[in-house]
Amino acid sequence: INSITFGLQIPYYFAVLWIIRSSFPVLYTNNLKLSKYVLKLLIPLLLFWIIALISLLMPIILDNKVLVHYPDDPWIFSPLKFKRIHITQFLYLTFVISVAMFLSFEVNTKEKLYKAIRILLISGTFVCIWGIFQFVGYYVGIPYPYWLFNNNISFSQGYGQTVLGIFKRISSVAPEPSKFAIYLLWILPFFLTLRIKNDYLIIKKRLSLYVLLLFIVLLFSTSTTSYLGVVFMTFVLLFYFFDIKAFILRKTIKKSFLRALMVSGFVLCFILTIMLFLVFILNINTSDIVKAAKFITVEKMQTLSGKERSEGFIKGFEIFFRFPIFGIGWGSNRSFDLVTTLLSTTGILGFTAFMFFIIRIILKLNSLSKSYLNLSDKNLALAFMLSILTGLFAHFIADPDIISLTMWVIIGLSISFINIAQTKKVNHANKKSSY
């Protein structure tokens with residue numbers, strides 16, 4: 001690993017091959033039909049890409065005038081200069097946007113959409129099982145084969161991390177536990193929504209077992225981001241599944257209370273089971289468990305990680321206030337959250353374009369979840385929406401890397417679903433008007 005200067009992760013490698021394969025029929029036939037619904041949603045994203053491209057002029061203009069945290073070394077301040085990393089970071093952005101666009105073009109039927117969702121489930125199952133192997137192997141003395149998946153050339157692999165030397169953290173195939181947690185926070189809300197809605201159209205068997213597996217592995221990542229993400233996801237789920245108006249009008253108090261009691265009971269039993277497993281199977285002292293829990297929650301901001309995040313957050317806003325229009329250029333600064341990273345690198349123009357793109361998708365999904373569509377389609381709209389909300393929340397508080405492939409796969413499939421649903425809506429309206 002230490003002798004190479006360039007590497008490509010497995011998902012990116014296969015995504016490149018897929019884009020090339022999908023491009024050939026279009027180039028050969030010169031026949032690319034784009035849905036107007038897809039184009040409307042992609043326009044703000046293309047605007048964001050153009051703003052990011054223009055912002056690359058800023059490192060040239062501000063040569064050596066600003067101290068920044070570069071993405072390849074976010075722990076030290078360096079003078080701003082136009083470097084190779086600006087090009088590579090922009091190419092990464094172009095690539096992940098291309099993945100979302102090609103998904104929105106290619107996945108144009110329900111059959112293809114369902115197949116893509118099942119592939120997402122299979123891949124999620126694999127990385128969860130690999131994470132469990134990593135966790136169990138640590139305690140039974142099995143050497144972890146990091147060279148298979150944890151071999152990124154950044155040298156920042158966190159597969160060996162523990163909490164105070166007490167508790168093994170799960171990172172699975174991700175660079176480190178918090179990255180793994182964010183991956184899970186993109187897919188857990190989707191399948192959890194389908195399970196709550198008892199929707200087995202796409203996943204016919206063992207959906208409950210899969211959701212439970214995601215919860216367990218997310219818990220054992222011991223990432224503060226994962227716990228905050230679960231809290232946020234819970235509030236969003238309650239907002240959509242809890243009839244506040246009926247509760248205020250005292251129509252469903254008993255039913256709502258019983259549901260809340262059942263959910264609380266399940267959570268408490270789940271936590272108790274994990275505690276018993278740690279104490280009696282892994283022989284971890286209860287006082288050590290409490291100490292580790294405090295370290296990754298209430299004492300987080302006093303740790304080195306917490307202090308670095310605070311410093312990056314403040315520095316990101318300082319840069320934005322100095323250069324509010326285009327920021328200091330795409331790839332020029334990396335804080336530890338997506339908000340200040342976007343503001344500092346693309347300014348208010350880039351941040352606004354990106355947020356407008358995301359908000360349009362969320363509003364459209366929200367509208368479809370309450371439309372005339374059949375129940376399964378409504379559930380899919382809600383599942384995609386909750387997935388995007390929870391995933392972006394995790395990025396907003398803890399991960400500035402907008403080039404996450406999982407994020408753009410979910411967004412691309414969401415646009416595909418909107419296109420399919422909107423086309424169905426128009427066809428339904430035309431058929432109705434013909435009578």
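## Rings, cores and helix packing

Phe 102 is partly exposed, with a relative accessible area of 21%. By the cut-offs used here, buried means under 20% relative accessible area, exposed means over 50%, and partly exposed lies in between (1.4 Å probe, protein chains only). Please keep in mind that this is a predicted model, in which local features need pLDDT of at least 70 and side-chain atom pairs count only at pLDDT 80 or more, while totals for chains, interfaces and linings use all residues. Residues are numbered from 1 along each chain as its sequence is written, and side-chain values use heavy atoms, with hydrogens and water left out.

Let us start with the overall picture. Of its 435 residues, 46% are buried. Among contacts (heavy atoms within 4.5 Å) with a separation of 6 or more, 72% join residues 24 or more positions apart.

Now to the rings. The structure contains 20 aromatic pairs. Rings of Phe, Tyr and Trp (its six-membered ring) pair if their centres lie within 6.5 Å; planes under 30 degrees apart count as stacked, over 60 as edge-to-face and the rest as tilted. Trp 18 and Phe 102 make an edge-to-face pair, 6.3 Å centre to centre with 75° between the planes. This pair links distant parts of the chain, 84 residues apart: Trp 18 sits in helix 1 (residues 10-29) and Phe 102 in helix 4 (residues 84-106). Phe 320 and Phe 321 also pair, in a tilted arrangement at 5.5 Å centre to centre and 45° between the planes. Phe 190, Phe 191, Tyr 210, Phe 384 and Phe 417 are joined by ring pairs into a cluster.

Here is the accessibility of some residues discussed in this report.

| Residue | Relative accessible area | Class |
|---|---|---|
| Trp 18 | 22% | partly exposed |
| Phe 320 | 13% | buried |
| Phe 321 | 59% | exposed |
| Asp 377 | 1% | buried |
| Ser 414 | 0% | buried |

A nonpolar core is a set of buried Ala, Val, Leu, Ile, Met, Phe, Trp, Tyr and Cys residues joined through side-chain atoms within 4.5 Å. The largest one has 99 residues, and Phe 191, Phe 354, Phe 384, Ile 402 and Trp 408 have the most contacts inside it. Helix 14 (residues 338-369) gives the most to this core, with 14 residues. Another core, of 10 residues, lies apart from it and includes Leu 62, Val 68, Tyr 70 and Ile 319.

Helix 14 also packs with helix 15 (residues 375-398): their axes come within 9 Å and cross at roughly 165°. Axes are lines fitted to C-alpha atoms over the stretch in contact, and angles run from 0 to 180 degrees between N-to-C directions. The two helices are therefore roughly antiparallel, a label for angles over 145 degrees.

Asp 377, in helix 15, touches Lys 110, Tyr 114, Phe 417 and Lys 424, not counting residues up to four places away in sequence. Ser 414 lies in helix 16 (residues 405-433). Leaving aside neighbours within four places in sequence, Ser 414 contacts Ile 361, Leu 365, Phe 384 and Ile 388.

How values were computed
Helix = DSSP H or I, 4+ residues; strand = E, 2+ residues; numbered from the N terminus. Parallel < 35°, antiparallel > 145°, perpendicular 65-115°, else oblique.
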